[in-house]
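Me: I have a protein model open beside me and would like to talk through how it is put together. Could you take my questions one at a time?

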Amino acid sequence: MAAAWERFIGHRVLPKAALVVLAASLVAAFVLVRSERRDAHNAGVLDTACGGVLSRDPVRGLLPGDETWELYADLDLTGPSGRGPRTLLRCSVDWGERGRLELAAVPVLEAPLSGVRAEDILAARNAKEPGWATAYRTATTQVTAACPAGLPGYPRPVTRFRVHASLFGADGSEQVRAAGELGEAVAAAANLVRDRGRCGGPAVEPWDVRPLPWPVAGGSEESEEPGEVPPACRWFRPELLGGSDWGRGEPKRRGVTGDDADACSLMLRRAKAVTREDQTAVVTSVSWRGPLLPEVRTEYGAELAALSQDPGPGAEPETRRKRYRLAVWADASCSGVRTLSRVTVDMASAPPAAARADGVLDAYLASSGCRAAKALGKVWK
């Protein structure tokens, strides 16, 4: 042994080669241990973040495996949390200098109404929303989930919430891939909120999750593509006003759909008008439900008291007017909820407004799935 050792250390190459092999082995062992520790740490981050909904292979595939991930801003208020929070679930997984994956679930809070008239409801869509409520518009992917039973802790019913996820530090092609890979995690987060909030209704599926086609401008979820009809206005057809001469161009539409009220305003132009006042007709529809009904009855008390089943033009005290507007009211059960509805038809002549108002109201109620509708009457405005 001693002789062999003497020959080994006396060799010109072997000692140096052995040292290189030993150093390489130590480095490899150190790298392996460090890698295993990093992988275990990273796995723990995903297991913890947002209740564990990120702990999925598609999400891991989006994050750099050679980086250490850190969890920030982890917040879970999906259980009993007293007063309704503005954020239900939130977490951020960061790595490197600019890489970050964020996920958040926030309630959809209706903008407070300044009144219950159609113009007040339509104005609410332009209310400026805080940043936390609009972050979904620029997210990598998002979903709006229903909570029919209502999220607990809020002063007014909150029957919807949004979950959105964003991958930062990725290029365009990576963003497209991430939108698909994050669908399962976003759906799982939505269902976590649903289950803990006892929302009821159908579960959110990964295919329900999708990116918005472009950043949405304005303060309402009812922002539409140019030319697209707002959901609250899809019930209307120009022929409801009689004839085809109300089809000059597209009607000017504004619409809002909310938890307690829906409203739509349409302005139509006549193809061949006799007078300047006869060029346009205006149709407005509005429905109220739940907590707004007492306020509606107070706001429209005088009008409701003046309702008549047949208010002919002679009932209008001013016999000569440039415009005639007839309001028609109905009480119905729409989607199983007690609903009060009002439709107005505004035209340059009283007889066509009176002749078309009932048909307009019937079309509106039919499109809303209303049953047991009861006409309450009409009144000239």
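Reply: Happy to; what follows is a set of questions and answers on a predicted model.

Me: In what order do the 5 strands of the open sheet lie, and which are the edge strands?

Reply: The pairing in this open sheet is antiparallel, and the strand order is β1-β2-β3-β5-β4.

Me: Which residue in β5 is the bridge partner of Val106?

Reply: Start with the two strands: β3 (residues 99-107) and β5 (residues 160-168) pair in the antiparallel sense over 8 bridges. Within this pairing, the β5 residue bridged to Val106 is Arg162.

Me: Which helix packs on the sheet, and what angle does its direction make with that of β5?

Reply: Look for residues 183-197, which form α7. This helix touches β1, β2 (89-95), β3, β4 and β5. The direction of α7 makes an angle with that of β5 of about 150°.

Me: Which element gives the most to the largest nonpolar core, and with how many residues?

Reply: That core has 41 residues, and Leu54, Val93, Leu101, Leu103, Leu151, Phe161 and Val163 have the most contacts inside it. Several elements each supply at least two of its residues, among them α2 (14-48), α3 (57-62) and β2. The element that gives the most is α7, with 8 residues.

Me: How many residues are in the second, separate core?

Reply: You can find this core by looking for Leu326, Met347, Ala353 and Tyr364, which it includes. Its size is 30 residues.

Me: Is the aromatic pair of Trp288 and Trp329 stacked or edge-to-face?

Reply: The two ring centres are 5.6 Å apart, with 20° between the planes. Planes under 30 degrees apart fall in one class, so the angle settles the matter. The pair is stacked.

Me: Are Trp288 and Trp329 buried or exposed?

Reply: The two sit 41 residues apart in the chain, Trp288 in strand β8 (residues 280-289) and Trp329 in strand β9 (residues 324-334). Trp288 has 0% relative accessibility, so it counts as buried. Trp329 is also at 0%, and therefore counts as buried.

Me: Over the face of which residue does Arg162 lie?

Reply: There are two such arginines to look at: Arg100 lies over the face of Phe168, at 4.2 Å from the ring centre. For Arg162 the distance to the ring centre is 4.0 Å, and the ring belongs to Tyr136.

Key
Residues numbered from 1 in each chain as written. Predicted model: local features only at pLDDT ≥ 70, side-chain atom pairs only at ≥ 80, totals over all residues. Heavy atoms only, no water. Pairing = 2+ DSSP bridges. Helix = DSSP H or I, 4+ residues; strand = E, 2+ residues; numbered from the N terminus. Contact = heavy atoms within 4.5 Å. Axes fitted to C-alpha atoms, helices over the stretch in contact; angles between N-to-C directions. Core = buried A, V, L, I, M, F, W, Y, C linked by side-chain atoms within 4.5 Å. Buried < 20%, exposed > 50% of the residue type's maximum accessible area, 1.4 Å probe, protein only. Phe/Tyr/Trp six-rings, centres within 6.5 Å; stacked < 30°, edge-to-face > 60°. Lys NZ or Arg CZ within 6 Å of the ring centre and 35° of its normal.
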